[in-house]
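User: I'm new to protein structures and would like to learn how to read one. Could you walk me through it?

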Amino acid sequence: MTRGAPIFAVGTLAALTLLGGSAFPAAPPGPPAPRQPTAAPLLVSYDSCAQALAGLRAAAGASVGPWGFGGNGWRTGAAFGDVAKDATGARAMPQSAQPAPEHSTTNVHEAGADEPDLVKTDGRRIVTVTRGVLRVVDPAARRETGRLDLTRSTPELRWGEQASLLLHGDRALVLTRTGVELQRATREARPGTAPRLILVDLAGAPRVLGTYRMDGSLVDARQTGSTARVVVRTHPRLVFPYAERGTDAARTAANRAVIASAGVEAWLPAYEWTDGAQRHVGRVGCERLSRPPAWSGTSMLTVLSFDLAGDRLGDGDPVSVAADATTVYGTGTSLYLAGERSGSTRPGSGRVGDWPPEPPVTEIHGFDTSGPGRPRYVASGSVPGSLVNQYALSEWQGHLRVATTTGDAWGTRPTSESAVYVLRPDGNSLVRTGAVTGLGPGERIYSVRFLGGSAYVVTFRLTDPLYAVDLTDPTAPRVTGELKITGYSAYLHPLPEGRLLGVGQEADRRGRAQGLQVSLFDVRDPARPTRLDQWHVPRAYSALEHDTHAFLHHPETGLVALPVGEDVRLLRVSGTDIGEVGTVSHAGRAGPVLRSLLVGDVLWTVSDAGLRATDPATARSLDWLPVT
């Protein structure tokens, strides 16, 4: 629970200027770290559009095969729609000068940056987007105070597309994830829908201030203070012939001819933004594009920066990198963008699908986000293997810790193992200072949690080893303890007094899932992690296993709200055991309960059917606000 607590964020990417020094916090004094440069290269900017086009054509031509870029290269740009300009419903209550009630915030990775979610609250209002309608609820009066229909400008919301939100003062930023589409039946590219950002004024009746759309698909967004940074992934707008007859060599040659004749606009992302009734269009400039030396020319990442304290979105101050990534991680002052590169998509591999593929490598680019506006590039590096999610990355005392899995965890003879690497900026390179390898032979990582100088890593195939790793010496990390139990934890959450809560699945001795499992671990002794209690629901599953925003914990009371199936189960976790309070269900069964939040001493749960107010001490329903 916080009162105006800082928000979380996992940042984004970008920048064209290579900095001479590191903007990351300095590490504590100690012996000099060994210099072992990693394989990932530095980002390099282009001097002209001609140079950029030559590089993009060469990289894409080396990456294309007889059937394109593995399903991505034939996509087309997006069609821009009209903007919603009207609001309906009751007038929203103005912000009070009184302090906001104590309230929970989105469950995020690091303090200092917020992550988009399905619902946001500042204690005075609860904001959601359900069935394409933005709704504002006054939690004190327990009534809806405003609404705005967004489906006229964003029809994908009517079709079931889920929107997410960022909130700052009287401004809400609505984000949709829909990307461009392809009519595969005829192998013809056609316009689809692009991610849309909608800036909404909540000071009175909710109204749209402006919108923003860009080719491609939304990767993620993060907010630090009033600055929101949005990452969009795009692919070249190329149409390949896809001849049904002929050799692979002939098809590849035809595809390369398409690439050789394409202009630079086939790669540079286009965008549109509105300011009231005014519409503006643009394209990312060649001077705002940079690349790593090893790249494929098949995808591009663009970072947009918006000031949510203003009255318009503007052009987003875009910067693009000719790279790919699926994971972003950040703190209040720095961010990292990570993507997996494998041999089957590297330049010069001949064609997509070459066998055997080279082992995957995770490339990481670090950026300074300590100031407003677009991030500044700091350093790059790489580590072997793949990430499970953003929680496999952690910055601490000037070092970046990264947990990955290499090899194949399936089959009768799995070759996988996991590791934790420690990297440190050295000039513009992230160099390795130390590593722990050989974790969980034959298994893969299911969850990671870094807490200060410690890491807790769960690997699983048949049983669940929980590894405790000491990272206080970045040059000599070491495993200090290991706990083997059945099942696995897909999410680990820190609790007071050296406790750790794990949520995942129980399993039998053959590794077959047996239903939801919540484990309470004591990790005060790094040499002997133990499980204090277990809560098990046979044949059940929690959305928390893939959606960490669905988790709510109130440290002062020990309350845990956990989605289980269609409902939310309320637990009370103490220092020694897990107790059950009750179940919160929603009327109408229009879908599962998606989120839980606290405002004052009332628990609010959110689904597509409505919002329910509940007494968190007894699970007794206090009020129901249906979606109408």
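Here is a short tour, feature by feature.

Analyst: Before we start: this is a predicted model, where local features need pLDDT of at least 70 and side-chain atom pairs count only at pLDDT 80 or more, while totals for chains, interfaces and linings use all residues. Residues are numbered from 1 along each chain as its sequence is written, and side-chain values use heavy atoms, with hydrogens and water left out.

User: Okay! How many helices and strands are there in the protein?

Analyst: Helices (H or I, at least four residues) and strands (E, at least two) are DSSP runs, numbered from the N terminus. Here you get 2 helices and 42 strands.

User: How do I read a sheet, and in what order do the strands of the open sheet come?

Analyst: Strands of a sheet pair through backbone hydrogen bonds, either parallel or antiparallel. For counting, two strands pair if DSSP finds at least two bridges between them. In this protein, 6 strands make an open sheet with mixed pairing, ordered 1-16-18-17-13-12. Strand 1 (44-45) and strand 12 (217-224) sit at the edges with a single partner strand each, so one side of each has no neighbour in the sheet.

User: How many bridges join strand 12 to strand 13?

Analyst: There are 7 bridges, and strand 13 (residues 227-234) runs antiparallel to strand 12.

User: Now helix 1. Which of its residues are buried?

Analyst: The general idea is that an α-helix has 3.6 residues a turn, so residues three or four places apart point the same way. Buried means under 20% relative accessible area, exposed over 50%, and partly exposed in between (1.4 Å probe, protein chains only). In helix 1, the buried ones are A52, L53, G55, L56, A59, A60, G61 and S63. They pack against helix 2 (248-261), strand 16 (289-291) and strand 17 (300-307), with contact meaning heavy atoms within 4.5 Å.

User: Which residues does the disulfide join?

Analyst: A disulfide is a pair of cysteine sulfur atoms within 2.5 Å. The structure holds 1, between C49 and C286, with an S to S distance of 1.9 Å. This pair ties together distant parts of the chain, 237 residues apart: C49 lies in helix 1, and C286 in the loop between strand 15 (278-283) and strand 16.

User: Is C286 buried or exposed?

Analyst: C286 is buried, at 4% relative accessible area. C49, at 40%, is partly exposed.
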